[in-house]
There are 2 protein chains.
Amino acid sequence: MGKLTFVGLGLGAEGISLQGIKEIKEADRFYLEYYTTPHEASLLRELERASGREATVVDRPFVEDGKKILAEAKESIVVLGVPGDPMIATTHGELRVRAIRAGIETSIVHGVTIASAVASSSGLHYYKFSKTVTVTRESVPRLTQVYHTLHKNLLEGSHTLLLLEYDTEQGEGVSPPAAIEGLLRAEENFRRGVLKGETLALVMSRVGTRYPGYAAGPLTELRRGEYGRAPHCIVVPGKLHFTEVEAVSAIFSMDSAAVSDNSAGVTRTAQTLVPKYVAKTKRALDQVRDKLGPEYKPVLENAELYMKDAESFLANGEDELAMLSIGYAEGLLDSMNFSGIAQIDW
Amino acid sequence: MGKLTFVGLGLGAEGISLQGIKEIKEADRFYLEYYTTPHEASLLRELERASGREATVVDRPFVEDGKKILAEAKESIVVLGVPGDPMIATTHGELRVRAIRAGIETSIVHGVTIASAVASSSGLHYYKFSKTVTVTRESVPRLTQVYHTLHKNLLEGSHTLLLLEYDTEQGEGVSPPAAIEGLLRAEENFRRGVLKGETLALVMSRVGTRYPGYAAGPLTELRRGEYGRAPHCIVVPGKLHFTEVEAVSAIFSMDSAAVSDNSAGVTRTAQTLVPKYVAKTKRALDQVRDKLGPEYKPVLENAELYMKDAESFLANGEDELAMLSIGYAEGLLDSMNFSGIAQIDW
């Protein structure tokens with residue numbers, strides 16, 4: 001019986017795990033593709049040395065077609081080595097599904113993927129990273145999706161990882177300055193106050209290799225930097241815990257006062273408005289409380305009740321209900337204003 | 001000159017990379033901690049065999065204190081081996097920062113972390129996963145945070161990974177049935193229509209080891225399952241691309257018709273409430289329009305105006321302002337109800 005094992009090669013030339021080496025040793029055939037990674041002359045050499053096996057280097061069309069791999073895996077043990085984690089690119093996921101449908105046993109040896117390594121080595125808390133986005137060459141002129149993801153992430157205080165596209169076959173990609181330029185241009189277009197020239201960002205290059213590059217600073221400064229070889233990532237931190245401030249300042253050699261909170265300036269609509277309206281409603285209640293007849297008591301009581309609801313909804317992050325409640329409380333009082341029953345000076 | 005290298009051990013007993021083995025070989029001292037992972041008898045043995053070095057197994061207080069490690073790393077080459085990726089737990093991040101501040105050279109050899117392996121092997125697209133949440137024993141009774149993260153992720157169509165806490169020292173943790181029970185209870189409490197009994201979820205156990213467990217189905221069915229040894233994760237998929245439907249059905253051996261889209265039924269709070277309140281306000285206006293004296297005309301005009309505002313705010317995605325406006329419109333009318341000026345049957 002055959003088998004198809006996807007082996008992740010992790011980052012750099014020696015990122016493969018012991019388990020991965022063992023699978024290659026036991027295989028009848030070892031296919032290797034590295035078209036999605038910056039070509040490391042040493043990767044092929046290291047894999048062949050450590051496994052004692054010769055690799056058949058294959059290209060993208062070969063893996064996408066997949067017929068030869070599947071045919072062989074029906075009868076014999078086949079390993080396909082893939083940089084990073086082997087199940088992140090859709091090509092390999094599809095090949096796995098085709099193998100399962102063809103009744104071939106499959107297994108996965110995971111590898112370190114760039115998104116996880118960058119997030120963990122940045123000094124920021126890993127689980128505060130929200131959705132990762134990729135900056136492609138086509139997206140750079142507008143960055144609509146990237147800008148809105150950043151907005152959403154910053155609102156909830158989350159960190160954002162931006163992977164910059166690179167293409168080793170073409171030797172082209174998105175440089176950190178080009179991506180930053182695009183981000184600042186997106187702010188000019190959309191004007192939601194998500195990014196400023198002073199917004200703190202981290203540029204992390206070649207993470208997981210022997211020569212990683214770390215840079216941090218305001219966007220306008222990073223836009224002028226030189227970052228060497230790909231791959232590059234940009235991290236836009238959200239709300240910062242004090243241990244994150246300390247870590248970023250130590251790792252990126254910067255003064256901790258310069259490690260600023262990018263989420264601070266980005267606020268939820270309700271966070272700004274509800275406290276303001278609650279204060280206004282309190283003042284209005286004070287103005288009319290002693291001047292109205294007993295028939296208006298239920299109005300005042302309800303206005304007070306809903307005003308308090310608004311405060312607790314806001315505290316629980318129930319923004320929409322907070323707004324509904326404070327709107328209702330104001331409406332109760334203002335109705336008397338419009339019909340001349342009371343004079344409220346909001 | 002000394003050095004401190006954090007080496008990730010990845011998942012399972014043979015998850016360490018070649019680079020990690022090399023660092024251990026070159027070190028003067030090899031510390032190993034595995035208090036956060038299910039104890040694998042074979043992990044220590046494999047590491048010692050592959051590196052030819054003896055490990056000093058250390059416990060949590062030793063690493064948290066860190067004084068001995070830092071003192072040694074000033075003069076000699078020290079490796080600290082950590083399960084998964086070495087920079088995810090705050091303890092190791094803090095030790096790294098203390099080393100940098102003490103002028104000690106540090107480096108990181110990344111390892112595969114469970115969150116990345118589960119996301120990539122689920123058959124779902126990796127970059128559609130949004131914020132990961134951890135289900136701890138303390139959080140299970142209410143799951144407030146988890147429920148709201150699920151809501152937010154499903155609204156945007158993202159997938160959610162829930163890591164279930166386990167504690168190897170205590171031998172306790174959160175089982176998949178207990179977590180699912182908690183999720184369904186949270187729905188009963190918060191009633192936002194985020195989860196139903198039929199909501200599709202994946203339970204993935206021991207991912208990255210030789211004996212992974214995969215189960216998928218509706219929550220009510222998964223709640224009755226048995227899942228063997230920890231660690232366990234639950235994935236709640238969001239909006240599904242057809243290739244994801246195919247992959248999940250192949251990997252989890254289920255009919256593709258049963259791979260349902262959990263995002264489809266989840267709506268924004270304002271989307272549900274505003275149209276309902278607008279309809280009610282219209283009916284209320286119809287009831288009182290011809291029965292009130294001219295002094296109440298401004299009240300009615302304003303109620304109508306704000307009701308229309310609510311509709312256009314909603315259409316523009318300005319949910320908070322839509323709720324504020326419709327609340328205000330209702331308050332204007334209800335004020336007359338409370339004081340006996342009008343009788344509105346909402």
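Good morning; this short talk concerns the salt bridges of the structure shown above. Please keep in mind that we are looking at a predicted model.

Let me start with the overall count. Over all chains, the structure holds 30 salt bridges. I shall present a few of them.

The opening example joins Lys22(A) to Glu14(B), whose side chains meet in a salt bridge with an N to O distance of 2.6 Å. This pair crosses between chains: Lys22(A) belongs to helix α1 of chain A, residues 18–26, while Glu14(B) sits in the loop between β1 (3–8) and α1 (18–26) of chain B. How accessible are the two partners? Lys22(A) has a relative accessible area of 29% and is partly exposed. Glu14(B), at 8%, is buried, because buried means under 20% relative accessible area.

I now turn to two pairs within chain A. In the pair of Asp65(A) and Lys67(A), the side chains form a salt bridge at 3.1 Å, N to O. Asp65(A) is partly exposed, with a relative accessible area of 36%. Lys67(A) reaches 57% and therefore counts as exposed, the cut-off being over 50%.

In the other pair, Arg289(A) forms a salt bridge with Asp286(A), and their closest N and O atoms are 3.0 Å apart.

Thank you for your attention.

Key: Residues numbered from 1 in each chain as written. Chains lettered and ligands numbered in written order. Predicted model: local features only at pLDDT ≥ 70, side-chain atom pairs only at ≥ 80, totals over all residues. Heavy atoms only, no water. Salt bridge = Lys/Arg side-chain N within 4 Å of Asp/Glu carboxyl O. Helix = DSSP H or I, 4+ residues; strand = E, 2+ residues; numbered from the N terminus. Buried < 20%, exposed > 50% of the residue type's maximum accessible area, 1.4 Å probe, protein only.
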